Structure formats: C-alpha cells, structure tokens
Amino acid sequence: MYPIILLSFLGVVTLFLGFSKSKNILLPATLLFLIIALASNFIEWNKGPLLYFYDMLRVDNVTLAFNGIILLSAFMIVAISGGFQDNADSEPAEYYGLMLFSLVGAIMMVGFEHLIMLFIGVEILSVAMYILTGSNKRNLRSNEAALKYFLMGAFATGFMLFGMTLLYGATGSFKLAQIQGFASNIPAGTQSYILYAGLLLLLIGMLFKVSAAPFHFWTPDVYEGAPTIFTTFMSTVVKTAGFAALFRLLSSSFSNIYGFWWIVIAAIAVLTLLVGNIGATSQNSFKRMLAYSGISHAGYLLIALTALTKPSQNAIIFYSLAYSLSTISAFGVLMLVSKEKTIEGQPNERYEAFNGLAKQNPLLAFVLAVSMLSLAGIPLTAGFWGKFFIFTSAAERGIIWITVIAVLMSTVGIYYYFRVIISSYLKEGDLIKIRVAPFYQVILVLATFLTILFGLAPGIFEGFM
Amino acid sequence: MLTLLLILLPIAAGVITLLSGDRLAKQVALLGGLVSLGVAVTAWMQFDPAAGSQFGFKYAWVASGGISFAAGIDGISMVLVLLTTFLTPLIILSAFKHEYKNSATFYSLILFMESALIGVFTATDAFLFYLFFEAALIPVYFLAAVWGGENRLKVTLKFFIYTIFGSLFMMVALVYLYYQTPGTHSSEITAFYQLQLSPMVQGFIFWAFFIAFAIKMPLFPFHTWQPDTYTESPTPATMLLSGIMLKMGVYGLIRFLLPIVPEGMETWGMMAMILSVIGIIYGSIIAIQQSDMKRLIAYSSFAHVGLMAAGVFSSSLNGLQGALIQMLAHGINVIGLFFIIDIIYSRTKTRYLDQLGGISQSTPHLSVYFMVLLLGSVALPLTNGFVGEFLLLSSVFQYDGWLGAIAGLTIILGSVYMLRLFQKSMFGPKSKWVEGFQDLTASERAVLLPLIIMVFWIGIYPSTFLKLTEPAVSQLLQLVNN
C-alpha cells in the first residue's frame, strides 16, 4: 500500500528532477526512491490481510513478498542502468519516472481484489513498457519493437476487458470474493458458460503479458528491439507481476472450478515449454535466446499454476526471485560485453561476443556462468530449487506427466545455456579487459551471491515466508 | 559427525587450494587428499559392520520440501568412501608431472569432485543423494572441458546433457516416492524402503531409476557418451570418471533400485540383465579392435561395468558382494592403467598401438607394474579382479545358465584385448616413437605402488572388504525378498 502512494509521488518528483541542470542526480535519487519504497513495503509485514480502497486492494505477506521481489529487481536494474549518459538522445528523467510509475502498476497487479484494479495495474505497467521499448528513438529496431508491442498489447487488452465484462455479466461483480462465491455455488449438473468464457478471455489477456505460447510471438522481437536495460525490466518485473496476478486470480476466485481450467493451463504450459526451449536452441543472438528462455520459464511457472497447491504459491515466489536474479545478471553482463563489440554500429549481442570473456574478465565470466547454471536449474543454485519446488507442487497434485515433459525440456535448456559458458570459458577471443563501474560490480556480485546462497540454503527463504 | 567431516574436508581443502595459488596448489591439494584419506581410515577403524548406518548426522534443510541434510556410513558406503579417499590423492599425485595452466583451479576441482562423490555414497536422504549426484557433474565437466583434448567442447556438452537427462528422471521418481510416504512425508531412503507400490508404478519407477543409473555407469545402449568423453578428458578427469564416478551408478542400483522396486525388478530385471550382458560382450569386442589405448580401456571399463550391473540385477548375495568388491578392484585397476597410458603418452606423444612397440626393452619397472594391473583387470586368481568376477559370474549363472555362459566369455575376451594391449605396446621391435623411453620416476612409482599393493591385498585376502559389506548387503536382500 505504502509503495503505491510513495512511488506515484516520487515518480512525479523524478520528472521534476529532470528540469535540473545536472542529470547526474537522477540515478542516485531514483535508487534512493526505490529503497524508500522497498522499506515501506515491509512496514505492513505480518500485519495480516489488510484491504484498501473500498476493498479493492489487498495487502498480505504473499503480496508483500511479490512486491519485494519486484522492487528489488527494479532497484538492481536501475542501479546497472548507468544513468543513460552515453546516449545524447536519452531522457533519463522520463525513463526513471516511467519505471517508477510502472512499478505502481505492477504492485496493483500483485494485490488486486477487484478486476478493475487488475485492469488498471496491467495498463499502467504496459503503457510505460510500450514507451520504454521505443525509447531508442534513432534505432529502427527499437521503433518497430515498440509498435509491435503496442499493437499486440492493445489486442490483448481487448480480450481482457471482454473477459472481465463477461465475468461481470455472469457474477454481477468485479470483486474476487464475490466471483468466488458465484463460482463455488454453481448448481451441480449445470454449467455457467458465460463465466467460463469470461475466464478464458481474461486468461488470454494475462497470458499474453507473461508471454506464454501461443501468445508469445511478440516476445523475441520486442525483447531484442528494446534497449537491453528495459528488456531486463520487462523480463523480470512484468513477468513476476503477471504471475502474481494470475496466481491470485486463479487461486482466490476460480479454485472451485479447477476441473474446468486446469487442463487449459496445463496444455498452455506444455506448449510454452516446447516453444520456449526449442526456439531458444536455434538462436544465434544471446539476447534473443534470453527472450526464448523467458518464454520457457513462463512455462515452468505455469506448471505451478496448474498444480495450484499450497506449495505452488511459495514455488512461484521462489522461482520468480531466482529467475529475476539470474536474468538481471545475464543481461547485466550482456550490456557490458555487447558495448565492447559492435556489428554495423549496433552492439554485438551474439554468442561470439562472449568468446574469451573468462580470460580477461574472470568476475564477469563467473557471474554469467552462475546465472546460466541457475537458469538451467543445476543444483546448488537458486534456479534448481525453483524448479524443484515447482515439480514437487505438481507431484503433490499428482500431475506427474507434465513434470516429465518439463524435465525433458530442461535438458534441452542445458544445451543453449551452456553455449554461453562454453563461449566465455572455453573459446579463444580478443575481448579486452572491460571496465566495470564499482557499483555495477556490487550489483552483479550481489545477484550472484544471492543465487548461490539460495542454492545452498533455500531454507533461509522459507523461514522468511 | 565423521561423515560430515568427510564431506566437508575436501571442500575446505579445495578452497584452500584455490586460494594458495598456482605454485603451491599441487602440494596443498595432495595434503588435503591425504588428510581425507586419514579421516576415512579412522572411520574404518572405528567401524562396526554389523551395526548398520553409523557416524550419522541430520539437519533439517528445506523443511517444506522434506529435505534434510542427512548422511551416515554403512558397510556399502564404507567401501566406496575408502575407494574414493584412497584414489583421490593418487589421482592428484598422478597429475603432478603435467603442468596444467591454472593449476589451482584444476586441483580444487578434483577436491570438489571428491566431496560430491563422498556425499553421494553417504547420503541417507534421497534428495541429498540426488543433489550430490548432480553436483558431481559440474567439477568433472569443467575438468574435461577446460583441460581436455581437441574435440572437448562437443564431447563434454554431450556428456553433460546426457547424464543430466538421466538424473532428472530420477528426480521425478524421487519426488513421486516422497509423496507416497505416509503421514508427514519423509525423504529418508529407509522410508522409501517401506513403501508398498503397485506393480505398474513399480515399473515406471524402475525405468526412471534404471535410465538414470544406466547412463551414469554406462550400460548398453546408453554408453555412447563414454568412450569420447574418456578419450577427450585430461587423464585425471578420466580417472575420476572411470575410477569413481561410474560407481555412483552401480551404487545407485544397489541403494535405490533393488530395495525400492523389487517387483519392478521381477518384471523388468531380466531385460536389464540382458542389456548388461550385451554390454559385456559388445564392449569387449569393440575393445579388441581399438588402436587408441585410452579408448581401449574405456571400452574395457564399459564391459566390466556391465558385469557389475548383471551381478546387481541377479539380486543375490554373491552378485551384490561381487559387484561391491569389483567396484573396488575396477577402480584400482582402471586408474592404474590410465596412469600408465598417460605415462606412455607423455613420453611418446602417441596413444596408438600401431605406433608403439618394444617399450619393455628399457623399462623393467613399468613393464612389471603394467603387467600386474593388466592381470588384475583380466581377473587372474590371486589378483583383485578375480574375486569380484568369480562372485559375479556365479551369481549370473545362478540367475540364468545361458546368460551366465555368455557373460563368462568376458574372461576370454578380456584376456584377448588386454594381452593385445600389452604385447603391442611393450614387446616387439622398438618403434621410432619410443626412442629414449625412460623408466618410471620416483613420483610415478609412488602412484603405482599403492595400487599394486591393493591389487594383491584384495586378491589374496578379500575378506577384509567382503566382511565389511556382508551385513549391509544381507540386510538389503532381506528387504528385497520380503
């Protein structure tokens, strides 16, 4: 609750800071704002479920945990953004302002109790993303990506709204509790087709946002076209918020018609895993590979949704955290490396750019290797436990077959994640020593440290929950 | 607590090695390996075979996943812990004559590997076992991929994906079993032993485990990663892979497959047995045709491990005891042989039998050590290979006479390829590659001598080790037969 108010206000402050002569103040100020937001988030820890805004927004430990992940990711991403000083066209105040605003949307998605809140949250987040995607004005690729994202996103919004309308028609309310009341009182032997149709349409809209197949077509292009720093933001913050929202929606309103929707989500999970993993194998660009890998991770998270057991919730939280940390490290290293090498004036984002990284930059290579191992789900990294918790939640529900498919797909994953490790450790290259700003280094080390810490002792996290 | 010490010591030694820098790395690593051996021997001295799992400890680790950090040592574990701690210092010592770049990393990886292996052999929690089982892959992957031969990138990636692929199925099986345990679930291996599973489920679990372990060992037809990986890896990594790591698979069969799915064994055991026997013959025949010495030993290793698996699948006392003692013997022989091949290769720069010959003319010591290890491998009576092979073959014979007869061919085929190896490299006219071949140096002898002593110790007085494992094995078989 506090972060919403604070971030809305501080976002405006950031815009005003943009009028000052010195642009150098923006980055530290934004970091400070995010720390304030992060701290304020935990004021309500253990205060039990609280409802705000005429019961339209909910705050409990689960939503606070998701908010924490979102704000922490945002903090780390802003910290490695470097102030956008190397590009004369950039408008740092606007970027930071938009990022702060978009976080308001993300937090609304996490804690919504009312479908309108969900809609507003999704739109606040998305509109900010459309703009940030196209922020590299002179780059055609970026412009194209923004347009594509916007058009596809607008379509998805349409589906979502239509779905909500139908749900309202069926249940007479936008409130999750009342929808749940309706859904659990459907007389035996009858079906409420309007409710079902509404749910499906709403799901389509949401699944688009988390880039699940077959609604993923925008992902690789948009991820590739957007400036890397915003790609990172998109693939961590947006995904975490999206899954938090999906989990809330399904667990609180529709858990009683589980029998209806679980097979839909299961089918989409399988399709997403296939598309993400197989798509990633054939990429030559590391950035595109990460886009496909983002799709595949949506697949794993969907398995936790399919199971919808008590552990699922913790699994999603843990997985989002592990995935965000690794993704930030991976993109962070990519930004440094791709700047060193260019093809036709654009940063080189291909695998070859990493050749020989370990020799001159052992720290960067290690950070990259740990993040890849974690994304691949190798033991003793946080990513392993993320997958493990998801698989156990599915097993508890008795859905073993989906786990088997996920296992097969994880093996495919090793192939493309290891390509980067092979490039950086085992191939010769002419990369020179890359200068890494101290603060940047701290963030990378922190992400790596947490990945390993949660890998060795996932129990720490559990005690926290 | 001794178990915890055994697991943590190599990690600590590895970290110290890493910190001590390239110049001191060798010595520090060797010292670390020797200290671990000392602890293992201390544990052995205090060990009471009849008392079941000892030196145990247990910490809750991930409460909601039901995972605890629990390990202990029973007779079966003891033998393998001894093997691991005995071989690791020798492997480190054998690497001394090479100048590996970044040697601190190199040696610390060997020690990390040791820790993971001891973890695998002592874990009493199924998920902990799984963690170590996977974690053991990472050091050996980097050892092979960074310091390996020309094709290392492709080969090691294949190896990694292949073995992870297998073990992930095991994870699914473990998670399933975990949820079958009554009450508040438990992932202790002994809790899995109590489960009453329906025959169909047992079938699935059987295959999940079988594939995981068969890939690791490897068994026919899951072996395709093995010869390439063995050939491309630097010799110390090959030694780790063949000497110790493949035992993880056999150990898994004994610890998990037999006791958890006895009915699955009844239904599918014959099939697994046939695959194992095919592996024995197939591996031997290919070994006969190899010219690259490292490949030859790789295929011979593949054949030997088939026999161990066949013994386990016979689920008899002789079979299991044979498999365990053969694990010891095979570890010792194969490490010795790889070391000798490495010596020959580092002096002649070739591993091809066609290019070698006449080495024995100038190398009395090398020839004798080589011959003893070979004969151990061929299973001559009074050498270590004989005990295991005898027990194994008799168990296979009891299981099925025909299979036993076919598997018995391994003795003949084994002699063919092993003696061919010796004859082609050591006898005959001296080839131009072996001009000026020096006999063993002192440090090389320091590696080989302990191995030779073990060859005879196990060969002449195997009951030292058989007595160690017997109570644990009979207990396990009681479970299977109930």
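Predicted model: local features only at pLDDT ≥ 70, side-chain atom pairs only at ≥ 80, totals over all residues.
Good morning. In chain B, residues 123-410 have end C-alpha atoms that lie 34 Å apart, and this span is 79% helix and 0% strand; helices (H or I, at least four residues) and strands (E, at least two) are DSSP runs, numbered from the N terminus. An unreviewed UniProt entry annotates residues 123-410 of chain B as "domain: NADH:quinone oxidoreductase/Mrp antiporter transmembrane".

Residues are numbered from 1 along each chain as its sequence is written, chains are lettered from A and ligands numbered from 1 in the order in which they are written, and side-chain values use heavy atoms, with hydrogens and water left out.

I turn to the interface. Chain B and chain A each give 30 residues to the contact (heavy atoms within 4.5 Å). The size of an interface is often given as the accessible area lost when the parts come together. Between chain B and chain A, the buried area (accessible area, 1.4 Å probe, that two parts lose on being put together, summed over both) is about 2,900 Å², and carbon and sulfur atoms give 86% of that. On the chain B side, B:W61, B:V172 and B:Y179 lose the most area to chain A, together 18% of what that side buries.

Which elements of chain B give two or more residues to the side that touches chain A? They are strand 1 (54-62), helix 4 (126-135), helix 5 (137-147) and helix 6 (152-180). Helix 6 of chain B supplies the largest share, 14 residues.

Finally, two individual residues. B:S187 lies in the loop between helix 6 and helix 7 (189-193) of chain B. Is B:S187 buried or exposed? B:S187 counts as buried because its relative accessibility is 1%, and buried means under 20% relative accessible area, exposed over 50%, partly exposed in between (1.4 Å probe, protein chains only). Residues that B:S187 touches, not counting those up to four places away in sequence, include B:G66, B:D125 and B:F192.

In chain A, A:T232 sits in helix 10 (residues 228-253). A:T232 is buried, with a relative accessible area of 0%. Leaving aside residues up to four places away in sequence, A:T232 touches A:I77, A:T327, A:I328 and A:F331. Thank you.

Terms used
UniProt positions renumbered as here; feature names shortened; annotations may be inferred.
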